[in-house]
Structures are given as C-alpha cells and as structure tokens.
Amino acid sequence: MEIEEGLQALIVGLKIVENRDPFKVLTELKNAYKDLTIQAVNPEFIADLEHIELLVKQAYAAKSRGLSYAEHFAIDLLMRIVCTDQISKAVATAGLKLDLSHIALIAVGSPGQIALLQKDLSSRFTLDDSIFEADANRQRFLKEFHNIE
C-alpha cells in the first residue's frame, strides 16, 4: 500500500508456529530491517484490512503534522488501533502475547526495503491474510470493546 511517493506500507498476517515467541519474531525483524518501522499486533483488534490501512494512513498523517499520540510511529499506530491515549493500555490490550497463533505485521518504509521484507517473510513464515477478513464474531467483539451499540 502506498502512503505517499517513496513510502509504502506492508500489512500481512503471519501464522506463528507452536513454540515460536512472537516477541522474538518482532525483534528479529526489527533488527534485520532497521530502515523500516515495524509493528506487530494482536489481529483480534483489527476489523478488516481496510480498517488497518486507514489507521496506518491516519497515523502517518498525524506524524507528518506533528499530531501523533506517541513519539514513535509504531506506538502511535498501536494506540490508534485500541482508540486510547495511554501507551500502557494500548500495549496491554492489542500488543503481542505469547499465546497468539497469528499476528498482524505492519511495516512502513521505502518500496525497496518493503519488497525485501515481503520476500523474507514469504520464505520464513506462513503468511495468512485471512486474519483480516471481517467476520461476525470479531465485529461483535469490537463493538463490545469500544462500547458501540
């Protein structure tokens, strides 16, 4: 997804194999791709692909205007996913947990770096974008979480 000229976002679902620590996965990726901003979140808090795409664009626009909730884009994005202005609540709510079977991975950077990451992810992980498909259970969960009737 293009955010602006020369800046892209990759949004992908990753299946976490048994006994694989999602925190280590994120750390490995951040260490390997230092030129990218990478965030991984619990996909239960993402309604569908369009939802996360809009939040990425919103977080980037806020950063460009100096209106971010947090100093770091990845944290700002997490806060927007949860609709909170508290970093600790965002991390505790939609951040990674050891028992997750899937994670939503969001990376932002140059098209070349995004392409390298996408190729690497395809060779090392099982990609599963079905986590971004809207379903009634997730919609119900999100309505309850956000107190929407």
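Predicted model: local features only at pLDDT ≥ 70, side-chain atom pairs only at ≥ 80, totals over all residues.
Visitor: How many helices and strands does the protein chain have?

Guide: Helices (H or I, at least four residues) and strands (E, at least two) are DSSP runs, numbered from the N terminus. Here there are 6 helices and 5 strands. Along the sequence, their pattern is β-β-α-β-α-α-α-β-α-β-α.

Visitor: How compact is the protein chain?

Guide: Compare its radius of gyration, taken over C-alpha atoms, with the globule rule: 2.2 Å times the number of residues to the power 0.38. The radius is 15 Å, close to the 15 Å that the rule gives for 149 residues, so the chain is as compact as a globular protein of that length. Along the principal axes, the C-alpha atoms fill a box of roughly 45 × 40 × 25 Å.

Visitor: What share of the residues is buried?

Guide: Buried means under 20% relative accessible area, exposed over 50%, partly exposed in between (1.4 Å probe, protein chains only). In this chain, 44% of the 149 residues are buried.

Visitor: Which residues of the largest nonpolar core touch the most other members?

Guide: In soluble globular proteins, nonpolar side chains tend to be buried together. A nonpolar core is a set of buried Ala, Val, Leu, Ile, Met, Phe, Trp, Tyr and Cys residues joined through side-chain atoms within 4.5 Å. The largest here has 28 residues, and I52, V56, L77 and I81 touch the most other members. Strand 2 (7–15), helix 2 (49–64), helix 3 (73–82), helix 4 (87–94) and strand 4 (102–109) each supply at least two residues. Helix 3 gives the most, with 6 residues. A second, separate core of 20 residues includes L14, I16, A40 and L96.

Visitor: Where is I106 found, and what does I106 touch?

Guide: I106 is found in strand 4. It counts as buried, at 1% relative accessibility. I106 and I11 are 95 residues apart in sequence, yet 4.6 Å apart in space, C-alpha to C-alpha.

Definitions and conventions: Residues numbered from 1 in each chain as written. Heavy atoms only, no water.
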